[in-house]
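Subject: Structure for you to look at

Dear colleague,

I am handing over the structure we spoke about, and below it you will find my notes on what turned up. Please keep it open beside you while you read.

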Amino acid sequence: MTAVILAAGVSSRLRPLTTDTPKSLLEVGDKPLLQRNLETLKQHEITRCVIITGYLQEMIESFVNSLRLGIEIEFIYNPVYEQTNNNYSLWLARPAVDGQEIVLLDADILFDRRILSRLLASSHKDALIMRASDHLGHEEIKCELDDEGAVVKIGKHLDPKKSAGESLGIEKFSAATTSKLFDVLSRRHVHDEFYEASFQEVIDNGARIFAVESDGLPCMEIDTPDDLAAAEELAKKLQ
């Protein structure tokens, strides 16, 4: 299985902290976020990772190469990172992972390593981590589920009252679903949209992607200085 980490963004909401440092290299609990996530992959015996870079890509490549974690790393550069969304960055990974089992991670997530354990242990070949909640707003990537726990709708635009929870940006896909996803992305990558729009099309075409609940294990996205401060506290509690 190969991991794909999307780390191309400018992270303007974190400036000036990200003026000279990409968000994935900001330290959280005395360790850069990207290092934390690569070490978690290694702990789960995932030894190949494709990292999509963009903003300050030389810093990311130099840092990762210095870690020597025993993970095979392939870097793919998104030259239009300032004008594109994460669907474009994911599409760029196609030559490296098409037709393979993958784990997909956003680079700006701080999470308990047991979350990845839960995802990989799931009997479902295609699944995403979801935080169940009755208190969703408009910013979360929300999920509506069927009676068997499969995702039928996913996106920010969904009605919070009809949604079962929030997708946390950690997914796994079988080789067959990866191929279907990249077929969709090959048509949609030119649009300024989140990759969940492509997930939705794959689901609409018959794929079954199941929600694996995080069951209260900590996980958060880091977008703002307040988020970063909260992440510092959260890092103290993580396994």
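In which loop is Ser-24 found? Ser-24 belongs to the loop that runs between strand E1 and helix H1, the latter covering residues 33–43. Please bear in mind throughout that this is a predicted model. Although Ser-24 is in a loop, it counts as buried because its relative accessibility is 5%, and the cut-off for buried is under 20%. Once residues up to four places away in sequence are set aside, Ser-24 touches Ala-7, Pro-32, Leu-33, Leu-34, Ile-60 and Ala-107.

Now for the protein as a whole. It has eight helices and eleven strands, and its C-alpha atoms fill a box of roughly 45 × 35 × 35 Å when this is taken along the principal axes. A compact globule of 239 residues would have a radius of gyration near 18 Å, and the 17 Å of this protein agrees with that. Of the 239 residues, 54% count as buried. If you take the contacts with a separation of 6 or more, 76% of them are between residues 24 or more positions apart.

Leaving aside neighbours within four places in sequence, the residues in contact with Ile-102 are Met-1, Thr-2, Val-4, Val-97, Glu-171, Lys-172, Phe-173 and Thr-178.

Why is helix H7 largely enclosed by the rest of the structure? This helix, residues 196–204, is described in that way because seven of its nine residues are buried. The buried ones are Glu-196, Ser-198, Phe-199, Gln-200, Glu-201, Val-202 and Ile-203, and they pack against E4, E8, E9 and helix H6, which spans 175–188. Just after H7 comes Gly-206, which takes a positive phi of about 115°.

Another glycine with a positive phi is Gly-149, where the value is near 90°, in the hairpin of E7 and E8, which has five residues between its strands. Strand E7, residues 142–145, and strand E8, residues 151–155, pair in the antiparallel sense over four bridges. Within this pairing, Lys-142 stands opposite Gly-155 in E8.

Finally, there is the largest pocket, which holds about 1200 Å³ of space. It is lined by 42 residues, of which Lys-23, Asp-108, Phe-194, Glu-221 and Asp-223 are the closest to its centre. The elements that give two or more residues to this lining are strand E1 (2–7), helix H3 (86–92), strand E9 (165–173) and strand E11 (219–221), and the largest share, four residues, comes from E9. Which classes of residue make up the lining of this pocket? There are 14 nonpolar, 13 polar and 15 charged residues in it.

With best wishes

Note on methods:
Residues numbered from 1 in each chain as written. Predicted model: local features only at pLDDT ≥ 70, side-chain atom pairs only at ≥ 80, totals over all residues. Heavy atoms only, no water. 1 Å grid on protein atoms, 1.4 Å probe; cavity = no way out; pocket = protein on both sides within 12 Å on 5 of 7 lines; lining within 4 Å. Points joined across faces, edges and corners; volume = space filled by probe spheres on them. Nonpolar A, V, L, I, M, F, W, Y, C, P; charged D, E, K, R; others polar. Pairing = 2+ DSSP bridges. Rg over C-alpha atoms; globule rule 2.2 N^0.38 Å. Buried < 20%, exposed > 50% of the residue type's maximum accessible area, 1.4 Å probe, protein only. Contact = heavy atoms within 4.5 Å.
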